[in-house]
Amino acid sequence: MEDLRQKYIDRIAQAGDEDSLESLRVEALGKKGEISLKMRELGKMSPEERKTAGPALNALKDEINSALAAKKEALGDAALEARLQEEWLDVTLPGRSRRAGSIHPISQVTEEVTAIFADMGFAVAEGPQIDTDWYNFDALNIPGHHPARAEMDTFYMHRDEGDNRPPHVLRTHTSPVQIRHMEKHGAPCRIIAPGRVYRADYDQTHTPMFHQVEGLAIDREISMANLKWVLEEFFAAFFEVKGIKTRFRASHFPFTEPSAEVDIQCSWEDGQLKIGEGDGWLEVLGSGMVHPKVLEAAGVDPKAWQGFAFGMGIDRIAMLKYGIPDLRAFFDSDLRWLRHYGFSGLQVPTLHGGLSR
Ligand code: DAH
């Protein structure tokens, strides 16, 4: 029995994997295993012999079983250890960084403009980019024969033959939002309407799609003086120069009376443009007192209400503020340009947090 014991203990110790352990188990303790056969022989023994052989065989069986289990566990541990060595990875290594996208200057400037006017009590209004020629022209006191229609290089929507609906256009300015807003909400009101506009034009400072922001303030006693104050507040905040001067030049727009084009103060030194200093002027917007016919078209009584309106190019003031020379590049989707002129997504313009980088 001692030989038997030594044989299996040695072989178990040498086993290299779980399969050979299993065949050892079958060989010793399986149905026809060496130890099992010995146990079957107990029956043929005398009771005296059985008294010593029985417990000894049982003890041997237990010992072999525990040796098998212990070896199995040791093999498992070794396998796990080997895998851990092989599959080790350093989770403390820095990750591979990815380039984040950037906020387009137009989006950034639109947010800046909105934040400044919101602070002065202006809500944001919107209108469709495809509008009827009534909203885009007639309601704004630009009748069919008016030269302003031809001047605007309007894109007309295609009409199938026999389709006699009134023409739709890609809006040529944000001014139709004035009409839509007053029609719906009446007076008094104080809104800005930023958005895309379209004209068939293309050179360094013109693209067929560009951006404007419309302003409209209607109440009982609103005057040109209020317009001037609001615009000067706006330019001081936007260009971040206190006391920036504006110049109002008499002009003509069909939808305002009187009308003014507004310039802001600037200097040109060594070809360097500086806003808010010097004695040069840069035209930045059109404005005026809303024409009574426009109020009427929008269902507002011109005898009871009056107010100012203005329209400003967002792309233009973005170019001026951030020194961007060519408008066409705004819409080329060139990643190098976007990385250079774009803003971090976390750079949200607010009056308390600052408007620019
Ligand atoms: N709609 C004009 C344009 O696109 C700009 C404009 C001028 C808007 C005067 C106004 C205004 O509201 O009062 O050229």
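Reply: The largest pocket is lined by 49 residues, and Gln212, Glu283, Val284, Gly313 and Arg316 lie nearest its centre. Here a pocket is an open set of points, on a 1 Å grid over the protein atoms alone, where a 1.4 Å probe fits, with protein on both sides within 12 Å along at least five of seven lines; lining residues have an atom within 4 Å of a point. This is a predicted model: local features need pLDDT of at least 70 and side-chain atom pairs pLDDT 80 or more, while totals for chains, interfaces and linings use all residues. Residues are numbered from 1 along each chain as its sequence is written, and side-chain values use heavy atoms, with hydrogens and water left out.

About 1400 Å³ of space lies in the largest pocket, a volume being the space filled by probe spheres set on the points, which are joined across faces, edges and corners. β9 gives the most to the lining, with six residues; strands are DSSP runs of E, at least two residues long, numbered from the N terminus.

The ligand sits in this pocket, meaning that more than half of its atoms lie within 2 Å of the grid points. Around the ligand are 15 residues, the closest being His173, Ser175, Arg199, Gln212 and Glu214; a residue counts if one of its heavy atoms lies within 4 Å. β5 (209-219), β9 (280-290) and β10 (306-313) each supply at least two residues of this shell.

A ligand nitrogen is 2.9 Å from an N or O atom in the side chain of His173, and a ligand oxygen is 3.1 Å from an N or O atom in the side chain of Gln178.

Methods:
A polar contact is a pair of N or O atoms within 3.5 Å; within protein, one must be able to donate a hydrogen and the other to accept it, and residues adjacent in sequence count only if both atoms are side-chain atoms. Helices (H or I, at least four residues) and strands (E, at least two) are DSSP runs, numbered from the N terminus.
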